[in-house]
Amino acid sequence: MSMFGNIEASASGMTAERLRMDVISNNLANANTTRTAGGGPYKRRYVVFQPRDNNDPSFLKMLRGQIDRSQPGDGVRAVGIGTDNTQGPLVYDPGHPDANAQGYVERPNVNVVAEMIDMITASRAYEANATAISSAKSMASQALSIGRS
């Protein structure tokens with residue numbers, strides 16, 4: 001992988017983690033939303049990633065990648081945003097406008113603590129990719145200064 005390939009892979013990771021942080025922020029913002037435009041409580045969302053392949057999407061490339069796992073990757077890309085359709089907790093609140101006939105309100109299935117942990121993880125992954133880009137730039141600068149000496 002070339003120096004620019006390393007930077008591209010890290011940049012794709014930064015883009016993916018930024019999207020992940022946006023989705024997590026949306027989950028946290030809607031952690032108490034019991035009524036959405038589609039009806040029912042807010043459902044937690046998550047980002048689906050897959051490896052990015054810039055060069056050759058052929059079967060042979062995939063086969064070589066499975067045989068020789070020591071090769072570096074080409075980065076990552078988000079392929080979609082999924083929805084977690086598990087039921088949220090039921091809370092007894094008969095005075096709530098969204099309560100059912102038994103007086104229970106379905107809350108969003110967003111676990112605030114888990115979302116905060118995911119946010120910290122995404123933030124650290126973003127920082128790691130930024131550091132990798134900075135290191136690649138520093139190495140390129142050092143390589144150019146060797147030629148001048």
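Predicted model: local features only at pLDDT ≥ 70, side-chain atom pairs only at ≥ 80, totals over all residues.
How many salt bridges does a search of the whole structure find? The search finds six.

## Overall fold

The protein chain contains three helices and four strands. Along the sequence they are arranged as α-β-α-β-β-β-α. Of the contacts between residues at least 6 apart in sequence, 70% join residues at least 24 apart.

Buried residues account for 24% of the 149 residues in the protein chain. The accessible surface of the chain is about 9900 Å², and carbon and sulfur atoms contribute 55% of that area.

Asp98 and Arg35 form a salt bridge through their side chains, with an N to O distance of 2.5 Å. This pair connects distant parts of the chain: Asp98 sits in the loop between β3 and β4, and Arg35 in the loop between α1 (3-29) and β1, 63 residues apart. Asp98 is partly exposed, because its relative accessible area is 23%. Arg35 has 52% relative accessibility and therefore counts as exposed, the cut-off being over 50%.

A salt bridge also joins Glu106 and Lys43, whose closest N and O atoms are 3.2 Å apart. Here strand β4, which holds Glu106, is linked to Lys43 in the loop between α1 and β1, again across distant parts of the chain, 63 residues apart. Glu106 has a relative accessible area of 23%, so this residue is partly exposed.

## The network around Arg44

Arg44 and Asp118 meet in a salt bridge between their side chains, at 3.9 Å from N to O. Arg44 lies in the loop between α1 and β1, while Asp118 belongs to helix α3 (residues 112-148); the two are 74 residues apart, and the pair links distant parts of the chain. Arg44, Glu115 and Asp118 make up one network of salt bridges that share partners.

Is Arg44 buried or exposed? Arg44 counts as buried because its relative accessibility is 19%, and the cut-off for buried is under 20%.

Because Tyr92 is in strand β3 (residues 90-92) and Tyr104 in strand β4 (residues 104-106), the pair ties together parts that are twelve residues apart in sequence.

Tyr92 has 55% relative accessibility and so counts as exposed. Tyr104, at 36%, counts as partly exposed.

## A nonpolar surface patch

Which residues form a nonpolar patch on the surface? The patch consists of Tyr46, Val48 and Val79, which together have about 220 Å² of accessible area. Tyr46 is located in strand β1 (residues 45-51). With a relative accessible area of 34%, Tyr46 is partly exposed.

Notes:
Residues numbered from 1 in each chain as written. Heavy atoms only, no water. Buried < 20%, exposed > 50% of the residue type's maximum accessible area, 1.4 Å probe, protein only. Patch = residues over 30% accessible without salt bridge, like charges linked within 9 Å, V, L, I, M, F, W, Y side chains within 5 Å. Areas by Shrake-Rupley, 256 points an atom, 1.4 Å probe, with all protein chains shown as cover. Salt bridge = Lys/Arg side-chain N within 4 Å of Asp/Glu carboxyl O. Contact = heavy atoms within 4.5 Å.
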